[in-house]
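Could you walk me through this structure? I am new to reading models and would like a friendly briefing.

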Amino acid sequence: MKSKQSFILTILLVGLIISCILAIMIGPVFIHPAVVVKIWLHKLLGGLIQPDWTAIQETIVVDIRTPRVILSMLVGMGLAISGTAMQGLFRNPMAEPYVLGMSAGAACGASLAIVLGIGKIFGVFSIPAMAFIGATITIFVVYNIAKTDGKVPTETLLLSGIAVGFFLYAVVSFLKLIAPDAVLRNVVLWLMGSFAMAGWTDVKLVILPILCGIVIIYFLCRELNILQFGEETALHLGIEVETVKRILLVFSALITAVCVSVSGIIGFVGLVIPHIIRFIIGPGHHILLPASALAGGIFLILCDILAKTVSQPVELPIGIITAGIGAPYFVYLLRRRKKAISWW
Amino acid sequence: MLQTKNISASYRETVVLEEVSFQVEEGEFLGIIGPNGAGKTTLLKIMTGVKSPLTGEVMLDGKDMRSLSRKQIAQIMAVVPQSSFIPPLFTVEDVVMMGRYPHQRSRFTITKEDNEVVKDVIQKIGITLFGSRFINELSGGERQEVIIARALAQKPKVLMLDEPTASLDIKHQMKILGLVKMLVKEDGITAIMVIHDLNLAARFCQRLILLHNCKIHSHGKPEDVLTSQNLKEVYEVDAEVNYNTSIDSLQIVVKE
Ligand SMILES: Nc1ncnc2c1ncn2[C@@H]1O[C@H](COP(=O)(O)OP(=O)(O)O)[C@@H](O)[C@H]1O
Ligand SMILES: [Mg+2]
């Protein structure tokens, strides 16, 4: 059992590295993998390797494709791990941060920024900043609606997330309605998610919150395992359930808000990846969390490669790719392996 | 070991317990009986700190329950709930190891002591054979044994059980209750158990509390609590209470 788990983790790690290299090779200009690796080593080790590549190749690898790959990897990891944490916490296969209304909140914040120009004080960051604020306020509101007598019952939380989400999407629809045509296109594109504009600034912006969030969630893996037996059992075994719930919620929300704010709404990663990994590896969060993170990173990098290449020279929004792959796969799981869905 | 003082409890407007006070000594096996809806589960929830009482207090090992953290409570008290949800694909050993949670300081490592306790407990309960099997693939009786093993892995001073034999066949009923009795006798554990079957209650518990109409109706040795008159008052049945020498215990036979 133990060796099978480390085997799977190793495979995923190797897969992640290979997808990174693939993503940098592929694009309008093809770059040989050996060149990619050499440029990386050159940059990392500070010029130990004699350059035998062109300046243009270096610019494409270092300034354009590497930040894009890192960003899609981080977002994929973040969405997958917060999905795993939410599903584990709520013992509900439908739970993911998006279901708690966060994507709607982010969409609403971003639409306000794009259509009405709210949030100008954030300058070039006005859209991600407003998306982040929207997502954060939403989870806070949803949480407080669901709170009764100092507790947050799971069912109420999910329902209030759905209700608030519907309301916010109504606001987004209204904003789309009043937006001029040129602006409308921007809203629609943002809502579908994309890494096309990714640069090192974005990476610097998100890397710390996402990695911190992932580490903190991982610290609670033992609690997540015990919570699978229900909240009352967890109390009896000595877990401060409400505190753990709050920490998991806050950090999943943080991760998701940060992800959404730089990449737009990318659905299905947080839902499908944890499912598949749980199905392969089993319910132990010690392995489930890191494996989901790795798989989420791989999945989003590969989806981004498709987004770049499928309809060249135009890029597809990555949200279309993830939904296009994720939704049918989810249905397949539902039909073929009912066990995976009726997990709890 | 555990004492309740003037406990009252309600769900919204409905009062379900009124002024319930009693005390359980160390190494005692107490049974709580009473008709459906008498408030047994509620009383157990209050004694385990899952529900807070309207008035009154619970003292655990000499300390006010409210002043203890969940972890501190779990180091003293383990609970076998009435029905517990069993998620799939956890092995029996995984589940029993979870009982070590209140004693674990490190978030990731498992100490030698943890491993030893788990091994001992599994052996004691007699579930060594299915240690590496998935708990969701076991029968009801076997699952209950695993849950009890998890409780024992907490090394508790007090063991609370809510109808632990409700869905078990007679063989497993005898086995589980015999086990609890042995733990009380050999390890000095204090056990408090809610149970419906009066014959089993009489046979295994040293002392009984009969709950009725939100209050303690009677309280004492089985032969003092399980009288025809009490059973008539509380359960509204005509019952004959005999002493059966072959099992050395009371035997209750309900007539019409
Ligand atoms: N969550 C609840 N909300 C409202 N009433 C409850 C709840 N749980 C139990 N009750 C009521 O409290 C009374 C005592 O219930 P309980 O303690 O479960 O009884 P017992 O375990 O003795 O059968 C019953 O009348 C029951 O209807
Ligand atoms: Mg009950």
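Two strands count as paired if DSSP finds at least two bridges between them, and strands (E, at least two residues) and helices (H or I, at least four residues) are DSSP runs numbered from the N terminus. This is a predicted model, where local features need pLDDT of at least 70 and side-chain atom pairs count only at pLDDT 80 or more, while totals for chains, interfaces and linings use all residues. Residues are numbered from 1 along each chain as its sequence is written, chains are lettered from A and ligands numbered from 1 in the order in which they are written, and side-chain values use heavy atoms, leaving out hydrogens and water.

**The sheet in chain B**
- In chain B, 6 strands form an open sheet in the order 6-7-8-3-9-10, with mixed pairing.
- Its edge strands, strand 6 (77-80) and strand 10 (215-220) of chain B, each pair on one side only.
- From one strand to the next, the twist averages 15°.
- Strand 7 (residues 158-162) and strand 8 (residues 190-194) of chain B run parallel and are joined by 5 bridges.
- Opposite B:Met160 you will find B:Ile192, in strand 8 of chain B.

**Helices across the strands**
- Helix 5 (residues 140-153) of chain B lies across strand 6 and strand 7 of chain B, at about 170° to strand 6; axes are lines fitted to C-alpha atoms, for helices over the stretch in contact, and angles run from 0 to 180 degrees between N-to-C directions.
- Helix 1 of chain B lies across several strands, including strand 3 (29-33) and strand 9 (207-212), and runs at about 150° to strand 7 of chain B.

**Two domains**
- Chain B is divided into domain 1 (1-61 + 158-173 + 189-256) and domain 2 (68-156), with bounds from an automatic or database domain assignment.
- The contact between them (heavy atoms within 4.5 Å) takes 19 residues from domain 1 of chain B and 18 residues from domain 2 of chain B.
- The C-alpha centres of these two domains of chain B lie 26 Å apart.

**Positive phi values**
- Most residues other than glycine have a negative phi.
- B:Leu89, in the loop between strand 6 and helix 3 (92-98) of chain B, has a positive phi near 70°.
- B:Lys155, in the loop between helix 5 and strand 7 of chain B, has a positive phi of about 50°.
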